[in-house]
Amino acid sequence: MDSRQLDKQYWDNRYKKQQTGWDIGYASPAIVNYVEQSIPKTASVLIPGCGNAHEAKALLAKGYQHLTLLDIAPSLVKKVRQELKENTTIQIICQDFFQFDRQYDYILEQTFFCALDPSLRKEYVRQMHKLLSPHGRLAGLLFQREFSQPGPPFGGSKREYHELFQSHFDILHLEECPISIPSRQGNELFFELKKK
């Protein structure tokens, strides 16, 4: 699919029609585990392509307050804002990730990278680098597989990801995820990158 077709209207329609096979219905255990072990509660955290905000809801329940959620789908953002309206410290923004311009201590990746056309991957790396504060970290999950159907989702390999990220980040972790959900066991990498 042409990357220009994966736009605001495309994603808004996917959510309206509930065509969200990537949504596991709860926060990824690997991401929650990483947050609890590695992210101070005072840190600012961005979740791009936040979807139904499962990770954000889990973080809020654990006392994290400096959260920003970003998604391109207007009807989805409206729904998430309604669900989280009692949480006055959280920011929920409807905007194109590539046009966004703030900085954060941590950025969490969960099925956002795989939703982007592979032609945008180098731009994704540059934008993530720009959105992180000095010594900031990008962490989350990436698919370690190819998909038989045309994407999204789009897959990839550990080698490809290493080559992609090494120009802008120190790679702290890039390994098979030990606590993937059962349906993704063996097909998912956990990664943690530090801004150079």
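Helix H2 (residues 29-38) contributes the most to the lining of the second largest pocket, with five residues; helices (H or I, at least four residues) and strands (E, at least two) are DSSP runs numbered from the N terminus. The model is predicted, so to speak of local features requires pLDDT of at least 70, side-chain atom pairs count only at pLDDT 80 or more, and totals for chains, interfaces and linings use all residues. Residues are numbered from 1 along each chain as its sequence is written, and side-chain values use heavy atoms, with hydrogens and water left out.

The second largest pocket has a volume of about 150 Å³. On a 1 Å grid over the protein atoms alone, a pocket is an open set of points with protein on both sides within 12 Å along at least five of seven lines, a cavity is a set where a 1.4 Å probe fits but cannot get out, and lining residues have an atom within 4 Å of a point. Grid points are joined across faces, edges and corners, and a volume is the space filled by probe spheres set on the points. Among the residues lining this pocket are Ala30, Asn33, Tyr34, Glu175, Cys177 and Phe190. The lining divides into six nonpolar, three polar and one charged residue, where Ala, Val, Leu, Ile, Met, Phe, Trp, Tyr, Cys and Pro count as nonpolar, Asp, Glu, Lys and Arg as charged, and the others, Gly among them, as polar.

Two of these lining residues, Tyr34 and Phe190, also form a tilted aromatic pair, 5.5 Å centre to centre with 50° between the planes. Rings of Phe, Tyr and Trp (its six-membered ring) pair if their centres lie within 6.5 Å; planes under 30 degrees apart count as stacked, over 60 as edge-to-face and the rest as tilted. The pair links helix H2 to strand E7, 156 residues apart.

Strand E7 belongs to an open, mixed sheet of seven strands in the order E3-E2-E1-E4-E5-E7-E6, in which two strands pair if DSSP finds at least two bridges between them. Strand E3 (91-94) and strand E6 (169-176) each have a single partner strand, so one side of each is left without a neighbour in the sheet. The twist averages 15° from one strand to the next. Strands E4 (residues 104-109) and E5 (residues 132-143) run parallel and are joined by five bridges, and glutamate 109 has glycine 140 in E5 as its bridge partner.

Glu109 also lines the largest cavity, as do Leu141, Leu142 and Phe143, among others. This cavity has a volume of about 60 Å³, and E5 supplies the largest share of its lining, three residues.

Terms used. Axes fitted to C-alpha atoms, helices over the stretch in contact; angles between N-to-C directions.
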